[in-house]
Amino acid sequence: MTTTASLTILQLIQQWDRQLLMLINFDGSAAYDRFWMLYTNGLTWVPLAAVVIWCLLRRGGWRHALLIMLMLCLLFVVSDFVVASLIKPLVGRIRPSHDAQVMNLLSYVDNYHGGRFGFPSNHASNGFAVATMLALIFRRPLVIFCAFLWAIGSCYSRMYLGVHYPTDILTGASIGALAAVGHWYAYRWVYNHFA
């Protein structure tokens, strides 16, 4: 593929990205703004963690629950590190809230703009890593639905707040899901050899 063709495809993707973001990001009501600002906050992980721990304890006892929680914490750390410390600085894609072409067209809640770089999204990577791991562990339709609904909500919140493009989200979600599959196989190996 020629450089000109590659550049044209990249420009089309960026244009689509901006247009889709501007559909998702709008000036909502005060209650809607509060909800999504709260949802994007790290404290939304606390109820999820409490429910997961309770389910794990009921399912297999404290050793099993501890092993899975350690695997989930390790997964979270790896996913977050790869995205935040390796990919974001390497790619250096500016967040929409810092992009001169769209920043003045977006709505912001509490003047929140996030950090400078946004590709890929940590929220999407971490959310989909945990959701995928929970789906692989529990394999129940209700758990899978709730885990991915929670992760999708986290992703939507980032676009609603104007701090991520859709491709930031899709890439982050893909990285998180792949990391979870890798950790699943590692978990199975550890469980089969040491539990």
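Contact here means heavy atoms within 4.5 Å. Counted in that way, among contacts in the protein chain between residues at least 6 apart in sequence, 80% join residues at least 24 apart.

**The whole chain.** Begin with everything displayed, and keep in mind that this is a predicted model. The C-alpha trace of the protein chain spans about 55 × 45 × 30 Å along its principal axes, and its secondary structure comes to 6 helices and 0 strands. Of the 195 residues, 42% count as buried.

**Colour by confidence.** The mean pLDDT of the protein chain is 89, with 96% of its residues reaching 70 or more. Select helix H1, residues 3-24, to see where confidence is lowest, at a mean of 84, and then helix H4, residues 122-138, where confidence is highest, at 94.

**Stay on H4.** This helix has 17 residues and reaches 24 Å from its first C-alpha to its last, close to the 24 Å expected at 1.5 Å a residue. Show the surface around H4 and you will find the helix mostly covered, since 16 of its 17 residues are buried. At the N-terminal end of H4, select Ser121, which caps the helix with a side-chain oxygen that lies 3.3 Å from the backbone nitrogen of His123. Then move to the residue just after H4, Arg139, which takes a positive phi of about 55 degrees.

**Move to H6.** Select residues 166-194, a helix of 29 residues that reaches 41 Å from its first C-alpha to its last, close to the 42 Å expected at 1.5 Å a residue. Which residues of H6 are buried? Among them are Pro166, Thr167, Asp168 and Ile169, followed along the helix by others that include Gly172, Gly176, Ala180, His183 and Tyr187.

Now display helix H3, residues 45-91, together with H6: the two pack at an angle of about 145 degrees, with their axes 10 Å apart. The contact is made on the H3 side by residues including Arg63, His64, Leu67, Met71, Leu74, Val78 and Ile87, and on the H6 side by residues including Ile175, Gly176, Ala179, His183, Tyr187, Val190 and Phe194. The crossing of H3 and H6 is right-handed. To finish, keep Gly176, Ala179, Ala180, His183 and Tyr187 selected, as these residues of H6 are buried and also take part in the contact with H3.

Methods. Residues numbered from 1 in each chain as written. Heavy atoms only, no water. Helix = DSSP H or I, 4+ residues; strand = E, 2+ residues; numbered from the N terminus. Expected span 1.5 Å × (residues − 1). Buried < 20%, exposed > 50% of the residue type's maximum accessible area, 1.4 Å probe, protein only. pLDDT = per-residue confidence, 0-100. Polar contact = N/O pair within 3.5 Å; in protein donor to acceptor, adjacent residues only side chain to side chain. Axes fitted to C-alpha atoms, helices over the stretch in contact; angles between N-to-C directions. Left-handed = near helix turned anticlockwise from the far one by under 90°.
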